[in-house]
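Thanks for coming, everyone. I'll walk through one structure today, piece by piece. Please have a look at it before I start.

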2 protein chains.
Amino acid sequence: MREVQRALTLAALAAMGAATIGQAADALPSWNEGPAKRAIVDFVTKVTKEGGPDFVPPAERIATFDNDGTLWGEQPIYFQVAFALDRVKALAPEHPEWKDKEPYASLLKGDVKGALASGEKAIGEIMATAHSGMTTDEFDKIVKDWVATARHPRFKRPYTEVVYQPMLELLAYLRANGFKTFIVSGGGVEFMRAFAERVYGIPPEQVIGSSGKQSYELRAGKPVLVKLPALDFLDDKDGKPIGIQRVIGRRPIAAFGNSDGDLQMLQWTAAGAGPRFCLYVHHTDAEREWAYDRQSTIGRLDKGLDEAKTKGWTVVDMKRDWGVVFPFERP
Amino acid sequence: MREVQRALTLAALAAMGAATIGQAADALPSWNEGPAKRAIVDFVTKVTKEGGPDFVPPAERIATFDNDGTLWGEQPIYFQVAFALDRVKALAPEHPEWKDKEPYASLLKGDVKGALASGEKAIGEIMATAHSGMTTDEFDKIVKDWVATARHPRFKRPYTEVVYQPMLELLAYLRANGFKTFIVSGGGVEFMRAFAERVYGIPPEQVIGSSGKQSYELRAGKPVLVKLPALDFLDDKDGKPIGIQRVIGRRPIAAFGNSDGDLQMLQWTAAGAGPRFCLYVHHTDAEREWAYDRQSTIGRLDKGLDEAKTKGWTVVDMKRDWGVVFPFERP
């Protein structure tokens with residue numbers, strides 16, 4: 001029924017007239033009045049105004065969103081790394097040899113920092129271990145179980161509640177205005193799909209992410225897809241416009257990110273003809289969330305911050321622009 | 001406006017009631033009455049019947065279609081190979097060295113058979129030459145120009161008119177019943193996208209195909225994606241369920257093919273829980289089109305034909321089941 005409801009909603013909205021929708025600023029109640037909110041509403045209003053000079057047909061209203069640090073948090077470690085660490089711990093009883101093998105040994109002693117200290121190679125091995133050796137159906141269940149039980153260390157809530165309320169409102173506002181919203185993230189595509197529809201209203205076929213190789217096998221006559229411990233595609237930096245081209249095949253007119261890893265996606269989006277909208281979420285709120293940018297190892301925003309200034313992209317100052325950060329803060 | 005129109009249509013159809021739609025058998029006027037047409041209508045009727053035991057929510061009504069030999073022809077050579085041969089001829093003036101280099105030398109002398117005789121390597125080189133060295137935007141224009149001017153050798157019409165009228169009706173019938181239709185083809189994804197929306201009503205983000213590697217570059221400050229002469233993904237056989245998982249992330253409930261290259265897609269589709277529909281187009285009409293199956297080098301249907309019998313999949317006998325093959329035959 002969801003499709004039909006969506007159809008009825010779209011039809012009702014169409015009947016109301018696009019201008020009315022664009023001006024429905026209370027679709028973004030968690031955004032404080034200011035330049036960021038104004039820029040969003042102005043853009044949506046002009047591209048949906050039929051007969052206007054900036055009108056964009058609905059089929060071309062593609063909006064792409066990074067996930068980590070843009071739709072949900074990414075501190076104190078990427079949530080998918082937290083998943084992988086938990087997964088390794090859960091698998092440890094089947095792997096007695098890990099007691100003497102890094103990075104597992106440190107991790108199993110509770111020394112996460114030590115386990116990750118050897119850098120990308122250690123993280124890569126932990127990620128591969130957590131994301132391969134099972135079928136795609138099994139992996140989906142593993143992630144859903146983790147999401148249901150794991151808690152964010154600071155907020156003591158499921159990771160899927162550590163999502164940005166203003167961005168949830170923005171996703172819904174864009175969709176109500178005929179946009180098709182996609183995730184384009186360095187995160188694993190099958191990891192994100194396990195919750196994206198429920199949490200963001202984004203169906204699996206609109207999630208683009210990093211992925212591993214898979215093999216197709218018949219097990220007792222039943223076909224399965226098995227996840228292999230080899231990276232197939234890294235959806236970060238240059239990979240973002242490439243991933244967009246691979247899966248969507250047309251250029252977004254709006255793109256949303258928070259780090260230098262999103263810069264190429266924003267460049268690619270901005271360089272198309274006609275009206276374009278690019279937005280960076282700048283983490284400036286150490287009190288309600290975190291404050292980090294140019295020096296951070298997670299979600300570094302350095303070149304992107306400079307380019308946003310040069311090109312006039314919208315930069316959200318989290319502290320100033322967001323009245324509410326997380327859904328659980330709402331009165 | 002197309003999205004809004006689609007929304008209004010869906011809303012109107014929803015108001016009419018799903019059962020009515022399912023029984024609107026004249027949505028398939030080019031299908032002769034018989035077991036194939038009956039099987040299609042029965043399946044659509046039962047999965048759209050709200051409250052029925054086989055009801056499938058619209059979001060899960062994913063239908064995947066092979067392209068070559070299923071939606072459009074593939075004889076006497078794959079149409080994309082015809083494109084590549086034409087492209088090599090168009091590029092020849094810039095490559096005087098091709099006069100002494102196979103497979104180009106034979107091809108440029110008009111000896112296509114000779115050029116392709118050295119097998120997969122020769123075809124691979126011609127395909128790589130035709131599909132790389134330009135930006136994605138340039139390639140899109142090259143294909144659109146070719147589609148506008150090239151003619152099928154037997155039917156003397158644009159290749160995009162050598163499409164199967166009954167399958168066009170089937171695509172529209174499924175979409176009117178809330179299905180999301182995807183192409184899943186061994187053909188090049190960017191080749192197919194250049195006409196899939198206009199010809200099949202399938203937008204670029206619902207086309208899955210083989211693809212080459214790409215690089216992201218800034219040219220005079222403007223970002224471009226450049227097509228490289230290296231295969232990234234082969235969307236055939238095992239690649240089809242893998243491609244479906246990569247892009248759609250959920251299992252189709254209906255799949256349509258014509259060759260052994262589609263077998264894994266049909267197996268994967270059939271093995272899901274709940275109602276499933278698998279269909280093979282069997283080319284049995286030498287008079288109106290072509291007749292080929294177990295021995296053909298193009299579109300071989302051998303193992304698939306056996307498995308269809310064993311598993312009770314629908315096999316379209318083109319000669320018997322299709323009242324009209326091509327749109328241009330219609331009275």
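This is a predicted model: local features need pLDDT of at least 70, side-chain atom pairs count only at pLDDT 80 or more; totals for chains, interfaces and linings use all residues.

How many bridges join E3(A) to E4(A), and do they run parallel or antiparallel?

Now the answer. E3(A) and E4(A) are joined by eight bridges, and they run antiparallel. One residue pair to look at is A:Tyr216, which stands opposite A:Leu225 in E4(A). The two strands form a hairpin, with two residues between them. Look at A:Ala220 in that turn. A:Ala220 is not a glycine, and yet its phi is positive, about 50 degrees. You will find A:Ala220 in the loop between E3 and E4 of chain A.

Let's step to the other side of E3(A). Strand E2 of chain A, residues 180-188, pairs with strand E3 of chain A, residues 207-219. Here the sense is parallel, over three bridges. A:Ile183 has A:Val207 in E3(A) standing opposite.

Next, the whole sheet in chain A. Seven strands form an open sheet. Read the order with me: E4-E3-E2-E1-E5-E6-E7. The pairing is mixed. Which strands are at the edges? They are E4, residues 222-233, and E7, residues 314-317, of chain A. Each of these pairs on one side only. On average, neighbouring strands of this sheet are turned by 30 degrees against each other, ignoring direction.

Further along the order, look at E1 and E5 of chain A. Strand E1 covers residues 62-65, and strand E5 covers residues 254-257. They pair in the parallel sense over three bridges. A:Phe65 has A:Phe256 in E5(A) as its bridge partner.

Here is a general point about strands. Side chains in a regular strand alternate between the two faces of the sheet.

On to the helices of chain A. Take H8, residues 136-149, and H10, residues 189-200. Their axes come within 9 Å and cross at roughly 60 degrees. H8(A) and H10(A) are therefore oblique to each other. Their crossing is right-handed. Which residues of H8(A) make the contact? They are A:Thr136, A:Phe139, A:Asp140, A:Val143, A:Lys144, A:Trp146 and A:Val147. From H10(A) come A:Glu190, A:Phe191, A:Ala194, A:Phe195 and A:Arg198. By class, this contact of H8(A) with H10(A) has seven nonpolar residues, one polar and four charged.

Now compare with a helix pair in chain B. H4(B) covers residues 79-91, and H8(B) covers residues 136-149. The axes come within 11 Å and cross at roughly 105 degrees. Are H4(B) and H8(B) roughly parallel or roughly perpendicular? The crossing angle of roughly 105 degrees falls between 65 and 115, so H4(B) and H8(B) are roughly perpendicular to each other. H4(B) brings B:Phe79, B:Ala82, B:Phe83, B:Asp86 and B:Arg87. They meet B:Phe139, B:Ile142, B:Val143 and B:Trp146 in H8(B). By class, the contact of H4(B) with H8(B) has seven nonpolar, no polar and two charged residues.

Stay in chain B for its sheet. It is open, has seven strands, and has mixed pairing. The order is E4-E3-E2-E1-E5-E6-E7. The edge strands of chain B are E4, residues 222-233, and E7, residues 314-317. At the E7 end, four bridges join strand E6, residues 277-282, to E7(B), and the two run parallel. There, B:His282 stands opposite B:Asp317 in E7(B). A helix from chain A packs on this sheet: H11, residues 239-247. H11 of chain A touches E3 and E4 of chain B. Its direction makes about 150 degrees with that of E3(B).

Now aromatic pairs. The whole structure has 48 of them over all chains. Take A:Phe155 and A:Trp290: the ring centres are 6.1 Å apart and the planes are at 85 degrees, so this pair is edge-to-face. The pair links distant parts of the chain, 135 residues apart. A:Phe155 sits in the loop between H8 and H9 of chain A, and A:Trp290 in the loop between E6 and H13 of chain A.

Last stop: cis peptide bonds. One joins A:Gln75 and A:Pro76, with omega about 0 degrees. A:Pro76 lies in the loop between E1 and H4 of chain A. Another joins A:Glu102 and A:Pro103, again with omega about 0 degrees. A:Pro103 lies in the loop between H4 and H5 of chain A.

Conventions
Residues are numbered from 1 along each chain as its sequence is written. Chains are lettered from A and ligands numbered from 1 in the order in which they are written. Side-chain values use heavy atoms; hydrogens and water are left out. Axes are lines fitted to C-alpha atoms, for helices over the stretch in contact, and angles run from 0 to 180 degrees between N-to-C directions. Angles under 35 degrees count as roughly parallel, over 145 as roughly antiparallel, 65 to 115 as roughly perpendicular and the rest as oblique. A crossing is left-handed if the near helix is turned anticlockwise from the far one by less than a right angle, and right-handed if clockwise. Contact means heavy atoms within 4.5 Å. Ala, Val, Leu, Ile, Met, Phe, Trp, Tyr, Cys and Pro count as nonpolar, Asp, Glu, Lys and Arg as charged, and the others, Gly among them, as polar. Two strands pair if DSSP finds at least two bridges between them. Rings of Phe, Tyr and Trp (its six-membered ring) pair if their centres lie within 6.5 Å; planes under 30 degrees apart count as stacked, over 60 as edge-to-face and the rest as tilted.
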